[in-house]
Amino acid sequence: MIIRKRKTDEDLPMELLLLADPSEEIVKEYVTRGECFVAELGQEIVGVYVLLPTRPETIELVNVAVAEEMHGRGIGKQLVMDAVKVASSKGYKTIEVGTGNSGIGQLALYQKCGFRIVGVDMDFFIRHYSDEIFENGIQCRDMIRLAQDL
């Protein structure tokens, strides 16, 4: 598997991006401001992440997704660790990520990759998404904010 920056003339892997964020409008907005990276296995894109500069010396990992049939193979962890490496190589001092309170697997993954919980944005998904989101039988309401010093 190789992880590389998405080429500007390449279609967005929207189907994958929408696995991590159900709003196509929001995804398109932050992808234009950030950098999109893809994981390829053979000729197939099986994973994606987006890095978005937010403040001086701080970058946010705003989307991490792996094709559902590829779950459980460590691809998500490779994507997150690649994002950390890229952010560090670009001179950022902090990388942040936010995930829903209902994303139990995602919360575990980020912490395994060295992120620490730094805050909660209460009702984020209620304020910013028109449709209710449920995951693991839990309504996704709050954004759990995590960060890692680089």
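A salt bridge here is a side-chain nitrogen of Lys or Arg within 4 Å of a carboxyl oxygen of Asp or Glu. With that in hand, welcome to this predicted model, which holds 12 salt bridges. One of them joins Glu60 and Arg145, whose closest N and O atoms are 3.0 Å apart. Around such pairs you will find an open sheet of seven strands, and a nonpolar core of 39 residues.

**The sheet**

- The seven strands follow the order 1-2-3-4-5-9-6, and their pairing is mixed.
- At the edges sit strand 1 (2–5) and strand 6 (116–121), each of which pairs on one side only.
- On average, neighbouring strands of this sheet are turned by 30 degrees against each other, direction ignored.
- Strand 6 pairs with strand 9 in the antiparallel sense over five bridges, and Gly119 has Arg145 in strand 9 as its bridge partner.

- Strand 2 (residues 35–41) runs antiparallel to strand 3 (residues 44–55), with seven bridges between them.
- Along this pairing, Val38 stands opposite Val48 in strand 3.
- Two residues separate strand 2 from strand 3 in their hairpin, and Gly42 in the turn has a positive phi of about 70 degrees.
- Strand 3 also pairs with strand 4 (residues 58–66), again in the antiparallel sense, over eight bridges.
- Here Tyr49 has Val64 in strand 4 as its bridge partner.
- This second hairpin likewise has two residues between its strands, and Glu57 in the turn has a positive phi of about 70 degrees.

**Salt bridges**

- Back to the opening pair: Glu60 lies in strand 4 and Arg145 in strand 9 (residues 143–149), so two distant parts of the chain, 85 residues apart, are linked.
- Both Glu60 and Arg145 are buried.
- Arg145 also meets Glu96 in a salt bridge, at 3.7 Å from N to O.
- Because Arg145 is in strand 9 and Glu96 in strand 5 (residues 94–100), this pair ties together parts that are 49 residues apart in sequence.
- Through shared partners, salt bridges join Arg55, Glu60, Glu96 and Arg145 into one network.
- Another salt bridge connects Glu10 with Arg4, whose closest N and O atoms are 2.6 Å apart; both of these residues are buried.

**The nonpolar cores**

- In the largest core, Tyr49, Leu51, Leu61, Ile95, Tyr110 and Phe115 touch the most other members.
- Helix 3 gives the most to this core, with seven residues.
- Beyond its neighbours within four places in sequence, Ile95 is in contact with several residues, including Leu51, Leu61, Ala83, Val84, Ala87 and Phe115.
- A second, separate core has six residues, among them Phe124, Ile133, Cys140 and Met143.

**The helices**

- Helix 3 (residues 75–89) has 15 residues and reaches 21 Å from its first C-alpha to its last, close to the 21 Å expected.
- Buried residues of helix 3 include Ile75, Leu79, Ala83, Val84 and Ala87.
- After helix 3 comes Gly91, with a positive phi near 90 degrees.
- Helix 2 (residues 24–33) lies across strand 3 and strand 4, at about 70 degrees to strand 3.
- Helix 4 (residues 104–112) lies across strand 4, strand 5, strand 6 and strand 9, and runs at about 165 degrees to strand 5.

Note on methods. Residues numbered from 1 in each chain as written. Predicted model: local features only at pLDDT ≥ 70, side-chain atom pairs only at ≥ 80, totals over all residues. Heavy atoms only, no water. Helix = DSSP H or I, 4+ residues; strand = E, 2+ residues; numbered from the N terminus. Expected span 1.5 Å × (residues − 1). Buried < 20%, exposed > 50% of the residue type's maximum accessible area, 1.4 Å probe, protein only. Pairing = 2+ DSSP bridges. Core = buried A, V, L, I, M, F, W, Y, C linked by side-chain atoms within 4.5 Å. Contact = heavy atoms within 4.5 Å. Axes fitted to C-alpha atoms, helices over the stretch in contact; angles between N-to-C directions.
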